[in-house]
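Please consult the sequence and structure shown below alongside the text.

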Amino acid sequence: MHRLVVSMKLVIFGPPSAGKGTQAQKLSKQYGIPQVATGDLLRKAVADKTPLGLKIKSYLDQGKLGPDEVIVQLIKERVAKPDCKNGFLLDGFPRTMGQAKELERMTDIDLVLSIVVDFESLVERAVGRRTCPKCSAVYHIKFNPPMNEGICEKCGSKLIQRDDDKEETVRNRLKVYQEQTAPLVEYYRKKGKLVDIDGSGGIDAVFAQMVKAISHLKK
Ligand code: ADP
Ligand code: ZN
């Protein structure tokens, strides 16, 4: 394991169920920076019934994006915490051009890792996804099954299928992605910050590409 002395601010990018969370958890462990996952923060706010959670629940249930100002506020608070001072890994943010502009005002990003996967694989990955409601670990019934069926390897909780991983919601989330988030790929590419990652292979093959891209950054 090689930790970085300087801070490293990464964005992990890609359509829903491309493998962002899976890779972010591995990168976080490898480089010792926290994974800031908007989806997890939002789902937790909903589960805890915080004022923000109540405001956002109906959006999530429909596969829609939450309002920019709510999401931006959530991220601002999160990256201000002490564990983010040596960098962080954004997973699920930014999702709109408005959020990207806000992020730019907030901080300088070093690298955007953009995972590319074809449409039908995305649906298959989403529908087979199982998540741990307690520690947010991510599994797949076929591609990354836990040692004991239905049980989280990390904390022993019973795994669940997320409400927004039902096939119809998945297709809606993919459509929203095409319309609102996909344009950000070109935005970051023009800035010279983006690396394409072929996400069609297995989890370890995808991870190896990410580590390689990050190693170029350090030189
Ligand atoms: P995202 O955070 O982009 O929505 P996840 O990391 O939750 O995506 O991955 C979606 C699903 O696909 C999960 O069930 C995960 O276990 C599985 N998965 C992730 N990466 C791969 C891969 N390279 N090959 C096959 N399945 C994968
Ligand atoms: Zn767990």
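For the residue classes used here, Ala, Val, Leu, Ile, Met, Phe, Trp, Tyr, Cys and Pro count as nonpolar, Asp, Glu, Lys and Arg as charged, and the others, Gly among them, as polar. On that basis, the shell around ligand 1 comprises eight nonpolar, eight polar and three charged residues. The model is predicted.

**Ligand surroundings**

- Ligand 1 is surrounded by 19 residues, of which S17, G21, T22, R129 and Y139 are the closest.
- At least two residues of this shell come from each of α1 (20–31), β6 (138–140) and α9 (203–218).
- Y139 instead uses a backbone N or O atom, which lies 2.7 Å from an oxygen atom of ligand 1.
- Of the 560 Å² of accessible area that ligand 1 has on its own, the protein covers 94%.

**Nonpolar cores**

- The largest nonpolar core contains 27 residues, and L90 and Y188 have the most contacts inside it.
- Elements giving two or more residues to this core include β1 (8–13), β3 (87–91), α5 (97–106) and α8 (183–190).
- The most is given by α4, with six residues.
- Beyond its neighbours within four places in sequence, L90 is in contact with L10, V11, I12, V36, I75, V79, L103 and I109.
- A second, separate core has 24 residues, among them L122, V123, A126 and L174.

Terms used
Residues numbered from 1 in each chain as written. Chains lettered and ligands numbered in written order. Predicted model: local features only at pLDDT ≥ 70, side-chain atom pairs only at ≥ 80, totals over all residues. Heavy atoms only, no water. Near = heavy atom within 4 Å. Polar contact = N/O pair within 3.5 Å; in protein donor to acceptor, adjacent residues only side chain to side chain. Areas by Shrake-Rupley, 256 points an atom, 1.4 Å probe, with all protein chains shown as cover. Helix = DSSP H or I, 4+ residues; strand = E, 2+ residues; numbered from the N terminus. Core = buried A, V, L, I, M, F, W, Y, C linked by side-chain atoms within 4.5 Å. Buried < 20%, exposed > 50% of the residue type's maximum accessible area, 1.4 Å probe, protein only. Contact = heavy atoms within 4.5 Å.
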